[in-house]
Amino acid sequence: MTADAFKKMMACNEPDFSYNGQDYSICWPDGKYYVTASDNPGDIDLVFHSLDDLLDRWIIQGKPLRQILPDIQFD
């Protein structure tokens, strides 16, 4: 998935996805983006203020979300 397609999807979704056997989710109440990660419970404390912030600063298995986005299948 491209970053542009991800941003369009996020306009009306709060997705769950898997990557390398781990589960992740994104929700965005009140315009802030919150995440959960099965391999990093501390991620629940992260808050991102824009989609670009989320894409660049949420590190999943050592890589920013933007970098692994093409490898993720969203249901």
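**Sheet, turns and core packing in a predicted model**

In the hairpin of E1 and E2, Asn20 adopts a positive phi near 50 degrees, and 2 residues lie between the strands. The model is a predicted one: local features require pLDDT of at least 70, side-chain atom pairs count only at pLDDT 80 or more, and totals for chains, interfaces and linings use all residues. Residues are numbered from 1 along each chain as its sequence is written, and side-chain values rest on heavy atoms, with hydrogens and water left out. Helices (H or I, at least four residues) and strands (E, at least two) are DSSP runs, numbered from the N terminus. Two strands are taken to pair if DSSP finds at least two bridges between them.

The sheet is described next. It is open, has 4 strands in the order E1-E2-E3-E4, and its pairing is antiparallel. E1 and strand E4 (47–48) stand at the edges, each with a single partner strand, so one side of each has no neighbour in the sheet. Strand E1 (residues 16–19) pairs with strand E2 (residues 22–27) in the antiparallel sense, over 4 bridges. Within this pairing, Tyr19 stands opposite Gln22 of E2. Asp16 has Ser25 in E2 as its bridge partner. Ser25 also stands opposite Thr36 in E3. Strand E3 (residues 33–37) runs antiparallel to E2, and 4 bridges join the two. In a regular strand, side chains alternate between the two faces of the sheet.

E2 and E3 form a hairpin with 5 residues between them. Asp30 lies in the loop between these strands. Its phi is positive, about 55 degrees, although Asp30 is not a glycine. Asp30 is exposed, with a relative accessible area of 79%. Here, buried means under 20% relative accessible area, exposed over 50%, and partly exposed in between (1.4 Å probe, protein chains only). Gln61 is another residue other than glycine with a positive phi, in this case near 50 degrees. Gln61 is placed in the loop between strand E5 (59–60) and strand E6 (63–64). At a relative accessible area of 33%, Gln61 is partly exposed.

Aromatic rings were examined as pairs. A pair of aromatic rings is described by the distance of the centres and the angle of the planes. Rings of Phe, Tyr and Trp (its six-membered ring) pair if their centres lie within 6.5 Å; planes under 30 degrees apart count as stacked, over 60 as edge-to-face, and the rest as tilted. The count by this rule is 6 aromatic pairs. Phe6 and Phe74 form a tilted pair, 5.9 Å centre to centre, with 45 degrees between the planes. Phe6 lies in helix H1 (residues 3–10) and Phe74 in the segment after helix H3 (65–68), so the pair ties together parts that are 68 residues apart in sequence. Phe6 and Phe74 are buried. Trp28 and Tyr33 also form a tilted pair, at 6.3 Å centre to centre and 35 degrees between the planes. Trp28 is partly exposed, with a relative accessible area of 27%, whereas Tyr33 is buried at 12%. Ring pairs also link Phe6, Phe17, Tyr24, Trp58 and Phe74 into a cluster.

Contact means heavy atoms within 4.5 Å.

Leu55 is found in helix H2. Leu55 counts as buried, at 0% relative accessibility. Neighbours within four places in sequence aside, Leu55 is in contact with Ala3, Phe6, Lys7, Pro64, Leu65, Arg66 and Leu69. Leu55 and Leu69 are 14 residues apart along the chain, and their C-alpha atoms are separated by 8.6 Å.
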